[in-house]
Amino acid sequence: MNIEYVRSRFIKHFDGKTGSIYASPGRINLIGEHTDYNGGFVFPGAIDKGIMCEIRPNGTNTVMAYSIDLKDRVEFKIEDPIGPKTSWARYIYGVIQEMRKRGVDVKGFNTAFSGDIPLGAGMSSSAALESCFAFALNDIFGDNKVDKWGIVLGGQATEHNYCGVKCGIMDQFASVFGKEGKLMRLDCNSREFEYFPFKPEGYRLVLIDTKVKHELASSAYNDRRKNCENTVAALKRKYSDRSINTLRDADWEMLESVKEDITDEDMKRATYVLGEKERVLAVCDALEQNDYETVGKKMYETHDGLSKDYEVSCEELDFLVQVARNNNVTGSRMMGGGFGGCTINLVKNELYDAFIADATSQYAEKYGKKPSVYDVVISDGAHKVI
């Protein structure tokens, strides 16, 4: 992100005065997919791509916001009960309202912002935008009275209450709590988390974007949740003397015991979830031993589970993971909800150029379009720049 560029646009589109600059990152999730609503673990990290904004109070009750990338300007009142219609401005409006609920006395301000997170690639540009503004408003108007979890939950509430997206907390959590060279294991039940070292010397982390998003995504997501809920209901009937709220509370023996009480499809979904719970913990152990070969093996296992048992992959994602296998890439899997988006790849430095060239050319030949390639580095969470 370019500080000078953001500042130059801010000066141009407002009154020539400067303010304070803040930044918040997007995220990747190394492993732990479709586990959040099953009470399991996720394993995200903040990345070196995100949102940067400049803000200066303007002494009024009006927000004047300029999207540098879209070349679009929106104004609205702080107390407006409805807020702007423009989709990007609703995120800023929502953050303002949520921070006010948390005791931050937000006044009018001027702001310009820009980002270098590729849209639609599954790196959570919306969470980065929310976290950036929540952090900034808390600093400027709240004297940092809201803690980091308050910022995370304010961002999530923005999605729920103003943008119509019933998201979990992983994206905002990673944007706020991220640390350079660290991944985070977040317990989606308790919100407890732990940092793990991620400095893979001799390896690079790269995303390859299929540039497709199949229409199955939203309905299939709901279907998978229902499959998991069916299995939990069967477990509750079988083990009424135990506290079973999600698949996180089950083990392999318990799952096998209700096999006849659920459908084959329910069983496949639950098999993936229980396996993913174990894989996340195995990756934690491997990272503490600096064992990136095991990390990569578990990434492939996760993709196989997502493709065959959870059935949320697609032809394009499976194709790119197979190209990775053929190029001896250490680890590769689909990242995100599925049916399109990116693969995340852990690649040895000496194999990187050949792999990217092969993946790009083979994908273009088969699907008639080149995939986008994004190198990512694990970086710090939301912070004040200057």
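An open sheet of six strands, with mixed pairing, runs in the order 5-4-6-3-1-13. Its edge strands are strand 5 (72-77) and strand 13 (383-384), each of which pairs on one side only. The structure described here is a predicted model.

One of the residues concerned is P57, whose bridge partner in strand 6 is F109. Helix 3 (residues 125-142) packs on the sheet and touches strand 1 (20-29), strand 3, strand 6 and strand 13. The direction of helix 3 makes about 45° with that of strand 3. Helix 5 (residues 170-177) lies across strand 1 and strand 3, and runs at about 130° to strand 1.

A further open sheet has four strands in the order 10-11-9-12, and its pairing is antiparallel. Strand 10 (331-335) and strand 12 (372-376) form the edges, each pairing on one side only. From one strand to the next, the twist averages 25°. Strand 10 and strand 11 (residues 340-348) pair in the antiparallel sense over five bridges. Here R333 stands opposite I344 in strand 11.

Helix 10 (residues 315-326) packs on this four-stranded sheet, where it touches strand 9 (203-213), strand 10 and strand 11. Helix 11 (residues 349-367) also packs on the sheet, in contact with strand 9, strand 11 and strand 12.

| Helix 3 (residues 125-142) | Strand 3 | about 45° |

The cysteines remain to be described. The count of disulfides comes to zero, where a disulfide would require two cysteine sulfur atoms within 2.5 Å. For C284, the closest cysteine sulfur belongs to C188 and is 13 Å away, so the two are too far apart for a bond. C284 has a relative accessible area of 1% and is therefore buried, the limit for that term being under 20%.

Notes
Residues are numbered from 1 along each chain as its sequence is written. This is a predicted model: local features need pLDDT of at least 70, side-chain atom pairs count only at pLDDT 80 or more; totals for chains, interfaces and linings use all residues. Side-chain values use heavy atoms; hydrogens and water are left out. Two strands pair if DSSP finds at least two bridges between them. Helices (H or I, at least four residues) and strands (E, at least two) are DSSP runs, numbered from the N terminus. Axes are lines fitted to C-alpha atoms, for helices over the stretch in contact, and angles run from 0 to 180 degrees between N-to-C directions. Contact means heavy atoms within 4.5 Å. Buried means under 20% relative accessible area, exposed over 50%, partly exposed in between (1.4 Å probe, protein chains only).
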